[in-house]
Amino acid sequence: MKVIAFYGSPRINGNSEILLNEALKPIEAEGHEIISFKLNTMNIKPCQNCGGCDKTGKCIINDDMSEIYKAIREGDRFILASPIFFFALSAQSKIMLDRCQAFWSEKYLLKKVIPEGKYGRKGLLLLVGGMKRDIGIKCSESTAKAFFRTISVPTHETLGYLGVDAKGDILEHPTALKEVYDGGKRLIEI
Ligand SMILES: Cc1cc2nc3c(=O)[nH]c(=O)nc-3n(C[C@H](O)[C@H](O)[C@H](O)COP(=O)(O)O)c2cc1C
């Protein structure tokens, strides 16, 4: 199984990165192929709404998104880990998601769904927010749901943690690490 992991935080070893690494542990242990993208370090231009993908389903911008397009086509499982910024997904995550407008055009204008492999396609969304208000989880979940469905991932699970602010605070959370580890295990169930 090919597992595609998106690190959505600019903070190295931050809370969402810790969670994503924990979710990947059972996946690595089972020997699955993992392709990771640290979005903050990549050269990805925001969608220009140029309509260039309308008739082809292909984006005309040539940048690091090319490797992500390929991985999204070939992957079986997808994990997006993002901090909540201003009640929403991080900009790093959102820029990548918006560039999936090319898949939106392919799916909804050209009526072509990304073909699934023998394991089907499933997603996992990991969220961390410093505040205790769950509006950030709700907003981020809505956006991520649009992303997953656009890339022909019909189901996903969301695990979100609030009141986790300083770098590494998630390590003190009583249940988060175990829950995301188990979430990683569930993700690779067939
Ligand atoms: C620009 C910015 C905006 C933020 N906005 C929110 C917010 O709206 N809601 C929230 O719960 N936390 C917010 N936070 C706090 C982060 O979500 C929190 O620090 C989180 O633990 C960061 O995760 P990371 O270590 O993976 O980057 C914000 C932080 C930054 C830097």
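This is a predicted model: local features need pLDDT of at least 70, side-chain atom pairs count only at pLDDT 80 or more; totals for chains, interfaces and linings use all residues.
View 1. Asn-49 is placed in the loop that runs between strand E2 (33-38) and helix H2 (65-74), and its phi is near 50°, a positive value in a residue other than glycine. Lys-111 belongs to the loop between H4 and strand E5 (122-128), where its phi is near 60°, again positive in a residue that is not glycine. Because its relative accessible area is 65%, over the 50% cut-off, Lys-111 counts as exposed.

**View 2. The largest pocket and its lining.** The space in the largest pocket amounts to about 280 Å³, and 20 residues line it, with Pro-83, Ile-84, Val-128, Gly-129 and Gly-130 lying nearest its centre. Helix H1 (15-29) and strand E3 (77-85) each contribute at least two residues to this lining, and E3 gives the most, with three residues. By residue class, the lining consists of 10 nonpolar, seven polar and three charged residues.

**View 3. A nonpolar patch on the surface.** Trp-104, Tyr-108 and Leu-109 make up this patch, and together they have about 270 Å² of accessible area. Tyr-108 is part of helix H4 (residues 101-109). The relative accessibility of Tyr-108 is 35%, so this residue counts as partly exposed.

**View 4. The salt bridge between Glu-74 and Lys-2.** The structure holds 11 salt bridges, one of which joins Glu-74 to Lys-2, with the closest N and O atoms 3.0 Å apart. Since Glu-74 lies in helix H2 and Lys-2 in strand E1 (residues 2-7), the pair ties together parts that are 72 residues apart in sequence. The two partners fall into separate accessibility classes: Glu-74, at 35% relative accessibility, counts as partly exposed, whereas Lys-2, with a relative accessible area of 18%, is buried.

**View 5. The salt bridge between Lys-70 and Glu-74 within helix H2.** The side chains of Lys-70 and Glu-74 meet in a salt bridge with an N to O distance of 3.3 Å. Both residues lie in helix H2, where they are four residues apart, about one turn of the helix.

View 6. The side chains of Glu-157 and Arg-186 meet in a salt bridge at 2.7 Å, N to O. This pair links distant parts of the chain, given that Glu-157 is in strand E6 (residues 155-161) and Arg-186 in helix H6 (residues 176-187), 29 residues apart. Glu-157 counts as partly exposed at 26% relative accessibility, and Arg-186 likewise counts as partly exposed at 32%. Elsewhere in this view, salt bridges that share partners join Lys-2, Lys-70 and Glu-74 into one network.

How values were computed: Residues are numbered from 1 along each chain as its sequence is written. Side-chain values use heavy atoms; hydrogens and water are left out. On a 1 Å grid over the protein atoms alone, a cavity is a set of points where a 1.4 Å probe fits but cannot get out, and a pocket is an open set with protein on both sides within 12 Å along at least five of seven lines; lining residues have an atom within 4 Å of a point. Grid points are joined across faces, edges and corners, and a volume is the space filled by probe spheres set on the points. Ala, Val, Leu, Ile, Met, Phe, Trp, Tyr, Cys and Pro count as nonpolar, Asp, Glu, Lys and Arg as charged, and the others, Gly among them, as polar. Patches are made of residues with over 30% relative accessible area and no salt bridge: like charges are joined within 9 Å, nonpolar side chains (Val, Leu, Ile, Met, Phe, Trp, Tyr) within 5 Å. Accessible areas come from the Shrake-Rupley method with a 1.4 Å probe; for residues, only the protein chains shown count as cover. A salt bridge is a side-chain nitrogen of Lys or Arg within 4 Å of a carboxyl oxygen of Asp or Glu. Buried means under 20% relative accessible area, exposed over 50%, partly exposed in between (1.4 Å probe, protein chains only).
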